[in-house]
Amino acid sequence: MIKSNDQTLQPEGELMLQIPACSEATNMFGDVYSGWVAANIVKASEIYAARQSQGRVSTVSIGEMTFMSPVLVGAVMSFYTQVLEKGNSSLRILVEVWSSSPDGIEQRKVTESECVQVAIDGHGHIRALDYLEK
C-alpha cells in the first residue's frame with residue numbers, strides 16, 4: 001500500500017474531492033488533525049460509490065491510516081478513488097490522499113485508506129448492484 005521514500009509515486013484513481021486544509025481543522029500544534037482527513041476520505045468514497053452505484057450509499061467501514069507526512073494549513077488536499085472490489089451490494093474503495101502547496105508546485109502522498117460502501121434504497125435497505133459490470 002503506502003511506499004515511503006518513493007519519489008516516483010503518482011496519484012492513482014479518479015480525483016473525487018479537492019479541498020484546502022483550513023485553520024478550523026487543526027490540532028493544538030497547528031497541524032491538520034487526522035480526524036479531518038478521515039472524514040474527507042469517507043466523503044470522497046461516498047461520492048465515488050454513489051456515482052458508481054447510481055444511488056444512495058452508506059459507509060460500512062474505513063480502514064487504518066498511516067500518515068507519511070503532516071498536513072499543514074493551506075495545503076490543497078486531493079482525494080483519489082478507485083474500486084478495489086465489487087460485491088453484490090457493496091464496493092471496497094481505495095482512497096489516496098495527496099497534499100500540495102497552494103501554488104501546486106510540491107505534491108506528496110499523505111496517507112490512504114480503504115472504505116467499504118454499501119448501496120441502499122430510499123428506505124435504508126441494502127440493494128443489489130446487479131447492473132454494475134462485475
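Trainee: What covers the buried residues of helix 1?
Mentor: The cover includes strand 1 (14-20), strand 2, strand 3 (76-86), strand 4 and strand 5 (107-119). Contact means heavy atoms within 4.5 Å. Helices (H or I, at least four residues) and strands (E, at least two) are DSSP runs, numbered from the N terminus.

Trainee: Which residues of helix 1 are buried?
Mentor: Among them are Trp36, Ile41, Val42 and Tyr48. Buried means under 20% relative accessible area, exposed over 50%, partly exposed in between (1.4 Å probe, protein chains only).

Trainee: And what kind of model is this?
Mentor: This is a predicted model: local features need pLDDT of at least 70, side-chain atom pairs count only at pLDDT 80 or more, and totals for chains, interfaces and linings use all residues. Residues are numbered from 1 along each chain as its sequence is written, and side-chain values use heavy atoms, leaving out hydrogens and water.

Trainee: What follows helix 1?
Mentor: Gln54, with a positive phi near 55 degrees. Gln54 is not a glycine. It sits in the loop between helix 1 (34-53) and strand 2 (57-62).

Trainee: Is Gln54 buried or exposed?
Mentor: Exposed, because its relative accessible area is 63%.

Trainee: New topic. Where is Ser100?
Mentor: In strand 4 (residues 90-100). Ser100 counts as buried because its relative accessible area is 11%.

Trainee: What is Ser100 in contact with?
Mentor: Leaving aside neighbours within four places in sequence, Ser100 is in contact with Ala75, Val76, Glu106 and Gln107.
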